[in-house]
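Dear colleague,

Please find below the structure that I am handing over to you. My notes on what was found in it follow directly after.

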Amino acid sequence: MIVLGIGALLMPVVSSLILGILIGWLLFISGVVAVASSFSFRGTGLFGWQLAGGLVPLVAGALLIVFPAQGLIALTVLVGLIFLLTGAAQSSFAFWARPARGWGWILASALISIALGAFVLVALPEASAVVLGVLFGIDFVSTGISMVLIAISARHVV
């Protein structure tokens, strides 16, 4: 995972495109399954809703597969909004937990999430080509390092 993360950080545009295409395929396949399963609701009032609920991810996935560069902008907007919403939720929790020790760390994390979300949205569309790849790379490197450290500490226990 560390090697994949470093690769993603060294080639953020390529890793962003790969990530966008993978998400596109996941949406497409889940849409196909949802459309196919919607036919079990034929004759009920739910059929149309189930069919529409399957067609949305199917079409979105197909668009991400066919137009990966344009899809990166949409995915980057989604990531920015997720950061903003996560930051808002964390800050709400921080103020709720305010008398407890460590509430300031929760608030600091919230402010970082809000700042990242704002940065991602302000930097559009230029940042859309690299943001996902960089975030993907950082996540893989940190996950790989944590796995290595867990393995090292487990070896010392045994």
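Leu132 touches Ser16, Leu19, Leu72, Leu75, Thr76 and Val79, leaving out residues up to four places away in sequence; here a contact means heavy atoms within 4.5 Å. The model is a predicted one, in which local features need pLDDT of at least 70 and side-chain atom pairs count only at pLDDT 80 or more, while totals for chains, interfaces and linings use all residues. Residues are numbered from 1 along each chain as its sequence is written, and side-chain values use heavy atoms, with hydrogens and water left out.

Leu132 also belongs to the largest nonpolar core, whose seven residues are Leu19, Leu64, Leu72, Leu75, Val79, Phe83 and Leu132. Such a core is a set of buried Ala, Val, Leu, Ile, Met, Phe, Trp, Tyr and Cys residues joined through side-chain atoms within 4.5 Å. Buried means under 20% relative accessible area, exposed over 50%, and partly exposed in between (1.4 Å probe, protein chains only). With four residues, helix H4 (residues 68-96) gives the most to this core; helices are DSSP runs of H or I with at least four residues, numbered from the N terminus.

How do helices H2 and H4 cross? The axes of H2 (residues 12-38) and H4 come within 9 Å and cross at roughly 85°. Axes are lines fitted to C-alpha atoms, for helices over the stretch in contact, and angles run from 0 to 180 degrees between N-to-C directions. H2 and H4 are therefore roughly perpendicular to each other, a term used for angles of 65 to 115 degrees. On the H2 side the contact is made by Ser16, Leu17, Gly20, Ile21 and Ile23, and on the H4 side by Pro68, Ala69, Leu72 and Leu75.

Pro68 lies in helix H4 and is partly exposed, with a relative accessible area of 21%. Leaving aside neighbours within four places in sequence, Pro68 is in contact with Leu17, Ile21 and Leu63.

A search of the whole structure finds five aromatic pairs, that is, rings of Phe, Tyr and Trp (its six-membered ring) with centres within 6.5 Å. The ring centres of Trp25 and Phe28 are 5.8 Å apart and their planes stand at 85°, so this pair is edge-to-face, the word for planes over 60 degrees apart. Trp25 and Phe28 are three residues apart in helix H2, which separates them by about one helical turn. Trp25 is partly exposed at 41% relative accessibility, and Phe28 is partly exposed at 25%.

Yours sincerely

Terms used. Helices (H or I, at least four residues) and strands (E, at least two) are DSSP runs, numbered from the N terminus. Angles under 35 degrees count as roughly parallel, over 145 as roughly antiparallel, 65 to 115 as roughly perpendicular and the rest as oblique. Rings of Phe, Tyr and Trp (its six-membered ring) pair if their centres lie within 6.5 Å; planes under 30 degrees apart count as stacked, over 60 as edge-to-face and the rest as tilted.
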